[in-house]
Amino acid sequence: MIYDVCIIGSGAGAGPIAYTLAKEGKKVLILEKGDIYSEKDFSKDEIAYARRDIFTPNLKDEYHVIEEKFDDGKWYKFPTYETGWSFWNGNFLGGSSNFMSGYFHRLKPNDFKLKSTYGKYANSNVEDWPITY
Ligand SMILES: Cc1cc2nc3c(=O)[nH]c(=O)nc-3n(C[C@H](O)[C@H](O)[C@H](O)COP(=O)(O)OP(=O)(O)OC[C@H]3O[C@@H](n4cnc5c(N)ncnc54)[C@H](O)[C@@H]3O)c2cc1C
């Protein structure tokens with residue numbers, strides 16, 4: 001089968017795009033590395049899902065790097081395999097949105113133009129969005 005689009009991962013970012021493209025008649029292939037679970041596989045256990053690494057990849061294999069600017073003006077990097085901060089994660093069909101608690105931070109107009117409003121931090125990759133509030 002020939003596909004028009006291939007999307008890696010099936011989370012909240014990919015899902016609406018895949019859905020929109022499929023509705024437009026495109027053949028969309030989603031590659032998801034996690035397993036398929038259904039509602040009966042889960043329990044109401046916030047500690048298990050949010051604080052323990054049940055659905056999180058091994059931090060040595062797939063780590064995040066958090067960078068923070070300290071009082072000395074320098075940026076410091078913290079790879080999660082050193083800090084143990086595993087973050088909330090969900091590696092399975094549907095991604096982390098399966099666990100989402102449902103609170104939404106309200107966006108403001110400036111959130112769409114961070115670079116032009118606040119400037120570009122050294123070594124950052126911040127950009128303005130191509131859409132406005
Ligand atoms: C317990 C919990 C509660 C939350 N509550 C809230 C909330 O209340 N409000 C809020 O705004 N946010 C909340 N979040 C965060 C929110 O759910 C996530 O930010 C959002 O779902 C992330 O979407 P995403 O598409 O970027 O990534 P994900 O949903 O993580 O999707 C990424 C997908 O890609 C797959 N993938 C990764 N690498 C590969 C690869 N190499 N090949 C194939 N597939 C791959 C993963 O398995 C995963 O399915 C919560 C998260 C958790 C875990």
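Predicted model: local features only at pLDDT ≥ 70, side-chain atom pairs only at ≥ 80, totals over all residues.
A residue counts as exposed when its relative accessible area is over 50%, as buried when that value is under 20%, and as partly exposed in between.

Side chains of opposite charge can pair when their charged atoms come close. A search of the whole structure finds three such salt bridges.

One of them joins D41 and K40, with 3.9 Å from N to O. This distance still qualifies because a salt bridge needs the side-chain nitrogen of Lys or Arg within 4 Å of a carboxyl oxygen of Asp or Glu. K40 has a relative accessible area of 71%, so K40 is exposed. D41, at 39% relative accessibility, counts as partly exposed.

Another salt bridge is formed by K33 and E62, whose closest N and O atoms are 2.5 Å apart. Where do K33 and E62 lie in the chain? K33 belongs to the loop between β2 (28–31) and α2 (46–51), and E62 to the loop between α2 and β3 (65–69). The pair therefore ties together parts that are 29 residues apart in sequence. K33 is exposed, with a relative accessible area of 54%, whereas E62 is partly exposed at 40%.

There is also a salt bridge between E127 and K115, with 3.3 Å between the closest N and O atoms. This pair links distant parts of the chain: K115 sits in helix α4 (114–118) and E127 in the segment after α4, twelve residues apart. K115 has a relative accessible area of 30%, which means that K115 is partly exposed.

The next topic is the ligand. How many residues surround the ligand? The number is 22, and the closest are G13, E32, S96, S101 and Y103. Sorted by class, this shell holds twelve polar, eight nonpolar and two charged residues.

A polar backbone atom of G102 is 2.9 Å from a ligand oxygen, and a polar backbone atom of A12 is 3.0 Å from an oxygen atom of the ligand. N91 takes part through its side chain, where a polar atom lies 3.2 Å from a ligand oxygen. On its own, the ligand has 1000 Å² of accessible area, and the protein covers 70% of that area.

Definitions and conventions. Residues numbered from 1 in each chain as written. Heavy atoms only, no water. Near = heavy atom within 4 Å. Polar contact = N/O pair within 3.5 Å; in protein donor to acceptor, adjacent residues only side chain to side chain. Areas by Shrake-Rupley, 256 points an atom, 1.4 Å probe, with all protein chains shown as cover. Nonpolar A, V, L, I, M, F, W, Y, C, P; charged D, E, K, R; others polar. Helix = DSSP H or I, 4+ residues; strand = E, 2+ residues; numbered from the N terminus. Buried < 20%, exposed > 50% of the residue type's maximum accessible area, 1.4 Å probe, protein only.
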